[in-house]
Amino acid sequence: MPEVFSLNSQAPFLESRRLGAVQKPIIPVVASLIRENPGTISLGQGVVSWGPPPEVAESLSRFWTDPENHKYKPVQGIPALIEAIQEKLAHENQIQVSRQNIFVTAGGNLAFTNALLAIADPGDEIVLQTPYYFNHEMAVTMASCIPVLVPTDEQFQLQPNLIRSAITPKTKAVVTISPNNPTGAVYPETHLREVNAMCRERGIYHIHDEAYEYFTYDRTPHFSPGSIQGSTNFTISLFSLSKAYGFASWRIGYMTVPDQLIEAV
C-alpha cells in the first residue's frame, strides 16, 4: 500500500515555528530585570491602587446563592450583564448597539484575539501604531498574520497619512488604542474620525481599544469611534473592567462587533 501522509504530522513543527516568532511578554522580562537590580523603581505595568466598588460584594453574595448562576450560561455573557453593558455604552460612550452585538470575554486581550480570528486569515495584515501594545502584536503573530507598524509622531499621536499609506489589499484592520497603552496619549476626535473614515473607504475594520477610557486628565475628552454615525458595520470596540473598576484579576472584558461577525465571534 502507498504511504499515507498527512499534514497533521507536521503540525508540531509548524506550531513551534509560529510560536517561536512570538516575542516574550515584556512585563515578566521587566520584572526579572527589577529583581536582578535591587533598588530599581518600576514605572512599568499599570495597576490601579483601588479594588472593586463596594456594590460588587453585595451583588456577589446574591449571585452566589442562586444555583442557576453556577451552570453554563450563554457564550455571549450573562443577559443581565449584557443589558448593563448596553446601557453603559449608550450613556457614557454614545455607542448604540443591540444586545446581540455585545460579547463578554475573558479579559480585554481575549476580546482583541476573538476579533482578530473572526476577521483575518493567515497572511493578512493588521496595522498597529508604534509604540504598540505588546499583547496585540503577539496575538497578530500567533494568528499567522502580519503586523504592519506605523510610527506615531513626537507627541505619540496618530499620523493618519502614514496609516493610509500602510493600507494594502491584504490589510484587514487598523488598530487604535486611546487612551493609549503604553504611551498614555489620548487621540483627538478628529484623528479617530479620520482613521474610521479611511477604514470605511477601504472596506476594512477599525478595531479600537478603550480599556483606559477613564484615564484622561486636564479635561481631555475621551472619544469612542463606535459612536460615529454609520460606523457600526466596520467598527469593533474593546473594553475592560480591569482598570476602571479594579477588576484586573477577574479578567472580564467586553466588545461590540458588527452584525456580520456575530456568528464568527
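Author: The buried residues of helix 8 are covered by elements that include helix 7 (160-166), strand 4 (171-177), strand 5 (205-209) and strand 6 (235-240). Here contact means heavy atoms within 4.5 Å, buried means under 20% relative accessible area with a 1.4 Å probe and protein chains only, and the elements are DSSP runs numbered from the N terminus, H or I over at least four residues for helices and E over at least two for strands. The model is a predicted one, in which local features need pLDDT of at least 70 and side-chain atom pairs count only at pLDDT 80 or more, while totals for chains, interfaces and linings use all residues. Residues are numbered from 1 along each chain as its sequence is written, and side-chain values use heavy atoms, with hydrogens and water left out.

Helix 8 itself runs over residues 189-202, and its 14 residues reach 20 Å from the first C-alpha to the last, close to the 20 Å expected at 1.5 Å a residue, the expected span being 1.5 Å times one less than the number of residues. Its buried residues are L192, V195, N196, A197, M198 and C199. Just after the helix, G203 takes a positive phi of about 70°.

Among the elements that cover helix 8 is strand 5, and because five of the five residues of strand 5 are buried, this strand is largely enclosed by the rest of the structure. Y205, I207 and D209 point one way from strand 5, whereas H206 and H208 point the other way. Strand 5 pairs with strand 4 in the parallel sense over five bridges, and in this pairing H206 of strand 5 stands opposite V174. Two strands count as paired if DSSP finds at least two bridges between them.

Strand 4 is in turn joined to strand 2 (residues 125-130), with which it runs parallel, by three bridges, and the bridge partner of I126 in strand 4 is A173. These strands belong to an open sheet of seven strands, whose order is 1-7-6-5-4-2-3 and whose pairing is mixed. Strand 1 and strand 3 (146-151) are the edge strands, each pairing on one side only, and the twist from one strand to the next averages 20°. Helix 6 (residues 134-142) lies across strand 2, strand 3, strand 4 and strand 5, and runs at about 150° to strand 3; such angles, from 0 to 180 degrees, are taken between N-to-C directions of lines fitted to C-alpha atoms, for helices over the stretch in contact.

Leaving aside its neighbours within four places in sequence, I119 is in contact with K172, A173, Y205, I207, I236 and L261.

How values were computed. Buried < 20%, exposed > 50% of the residue type's maximum accessible area, 1.4 Å probe, protein only.
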